[in-house]
Amino acid sequence: MPHHLSSRLLSLLKHLLIATLCAAALFTLDYLYIQLVRPDLIDRFTGWKATDAFWFVFGLMLAATYAPKRLVLILFGSLALIHTSEFGYLSYFGVFFGPYDIWALFFELEDTFKVVVAEPARILPFALATGVLWGLVLYLLGLPKRPANGWVSGIIMTLLFSVPAIQLYGTNKDYFRPSYSYHSLHNSLFTLNYFLAGVLPEQLIKKKGKEYAPYELLSSNIDPVNTVVLIVGESVNPAQLQITGAEVETTPYLQVMKDRGEIETGYAVSSATTTQIASGMLLNVIYEPDNPAQYISRETNLFRLAHQQGYRTHYITTQKTQSMSYYYYDSSIDTYLDYDSMQERKTHGDRRILETIKALKLDYHQKNFLVLQHRNAHIPYVDNYPAEYERFKPANSSFRETSLAQYRNSLLYFDYTMAELINYLKDQVPGQVALFYVSDHSELMGEDGLYGHRTLTPAIARVPFISYTKGIDDEVKQQLYYRSECLPTHFNVARSVAQLLGINIHDPNYQAGITYTNSLDINGSQGFLTLNLAKDLKDYGCVPNNVAQQPADVEPKQ
């Protein structure tokens, strides 16, 4: 055999060998993960068997051995970062992350860091092993000598790498959602492509959503209440609350209030699975999961409506709001205080909210509208309550038992801060008072092996509801929108707040008995649940006949 032919053959074999080694090494990761880390997922996690994906990745790797090294480093370095992060996310939450999670990460870096610091043994080992393996893969891909026409392979590799982005247009978006039935490399590649070709442009240009009939602002047939308070909770699972039926004493103070008939409690339905979107839809009173036009208009923003009605408006939160204020901030907010504004407070966590309210010395002879946003049950739970509230102890050292004990301790502190606030309103605030509490979303605590709130399921939409009123007739309370369905929803709770401010929000697109739970974007492009209250949520206490009469719309609001 001529020397030049044998050299070319040896070179081809070298390229084939490196591509095979790289593809095979990456494909073993999923199998090793379910064997070593999450054997409980073995019946659901079938992606490691996806041989068609192996050949696709093999083709990518082979093209990469010929392509310019800098291009390989950029494309595969990005994929390596996503793939490595994917296993860390999977180790904690039990699900793969998607393209909108990447976008959310830009606004939640500090929270993400805290979670990693709190649970390094759970999150880091396999993720770091994946990163090391990717480092070896990138090293091997850089070994072969590049031909003069390597740019041709670079184009082929880029096209192969971009197949998901090309498919994005005209393809059902469900195909791009991460799944156990796909290999983790498939999930990472499609997530990265969807983020770059779909989410990033969409977020930067705020693509227009579906057209809906405009909302109408009408005069409420309820006289404005002097002090209206809306509390947005954080990650509270009603299945863990004593006041909503849990057989564990997580809310002893509120339970006493409930037994006395001072507060109303029950289940409600959230509008989204993330704090940003749930808060944005709640505080802008949005029903549809894909109606960004209503959100952008701010016409039904509760702060704006309250200001128009002559209320002093106050937003106080223990959250760091740089990732959230975009969704609900309005120039009509008179007092805006967040985590960074309350560092001098000596109390812990959400108790700082009441301390701040007292320090403001509000004039309650004027009309006041307060939105209070909690942080208490957010991960890492142990950061959100004082040491004296560490009453629940884990049964063993497992992640589930430790997390559950810490979560319940955070609910104990939530109980104390809520009861303290209600007592303050009862004893210190004159005139009529109305308070509504709903959590932004729930928090999975090991149900079906899942944790957190990134999974779009009815369990995530199930949140607690609390109401307290003073000086308001029962006849008036029966007219509130949250009583118009068998379960309160974020939308109807927000409309009830507007009613008490003196405004009736009429949505001509509203369907009785139907509600929606959005996912990771205000325009619904990442998917949403359509829930029939009577059918899908009957196990959560929905009794279709136990509803009040639909509130009547009256004169248009000028």
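Is L354 buried or exposed in this predicted model? L354 is buried, at a relative accessible area of 5%, where buried means under 20%, exposed over 50% and partly exposed in between, computed with a 1.4 Å probe on protein chains only. In this predicted model, local features need pLDDT of at least 70 and side-chain atom pairs count only at pLDDT 80 or more, whereas totals for chains, interfaces and linings use all residues. Residues are numbered from 1 along each chain as its sequence is written, and side-chain values use heavy atoms, with hydrogens and water left out.

**View 1. The whole protein.** The protein has 20 helices and 13 strands, which are DSSP runs (H or I of at least four residues for helices, E of at least two for strands) numbered from the N terminus. The radius of gyration is 27 Å, close to the 24 Å that the globule rule gives for 558 residues, so the protein is as compact as a globular protein of that length; the radius is taken over C-alpha atoms, and the rule is 2.2 Å times the number of residues to the power 0.38. Of the 558 residues, 57% count as buried.

**View 2. L354 in helix α15.** L354 has its place in helix α15, residues 351-360. Apart from neighbours within four places in sequence, L354 is in contact (heavy atoms within 4.5 Å) with E420, L421 and Y424. L354 and L421 are 67 residues apart in sequence, yet their C-alpha atoms lie 6.4 Å apart in space.

View 3. E234 lies in the loop between β2 (227-233) and α10 (252-259). E234 is buried yet has no salt bridge, and the nearest side chain of opposite charge, R375, is 5.4 Å away; here Lys and Arg count as positive and Asp and Glu as negative, while His and the chain ends are not counted. A salt bridge is a side-chain nitrogen of Lys or Arg within 4 Å of a carboxyl oxygen of Asp or Glu. The side chain of E234 does make a polar contact with the side chain of Q319, at 2.6 Å; such a contact is a pair of N or O atoms within 3.5 Å, in which, within protein, one must be able to donate a hydrogen and the other to accept it, and residues adjacent in sequence count only if both atoms are side-chain atoms. Residues that E234 touches, beyond those up to four places away in sequence, include T275, H374, Y437 and H441.

**View 4. Backbone features in loops.** S235, in the loop between β2 and α10, has a positive phi of about 55° although it is not a glycine, and S235 counts as buried at 1% relative accessibility. V285, in the loop between α11 (275-283) and α12 (292-297), likewise has a positive phi, near 55°, and V285 is buried with a relative accessible area of 0%. The peptide bond from I379 to P380 is cis, with omega near -10°, and P380 lies in the loop between β6 (368-373) and α16 (399-428).

**View 5. The salt bridge of E262 and K426.** E262 forms a salt bridge with K426, with the closest N and O atoms 3.5 Å apart. This pair links distant parts of the chain, with E262 in the loop between α10 and β3 (264-269) and K426 in helix α16, 164 residues apart. Both partners are partly exposed, E262 at 24% relative accessible area and K426 at 28%. R260, E262 and K426 are linked in a network of salt bridges.
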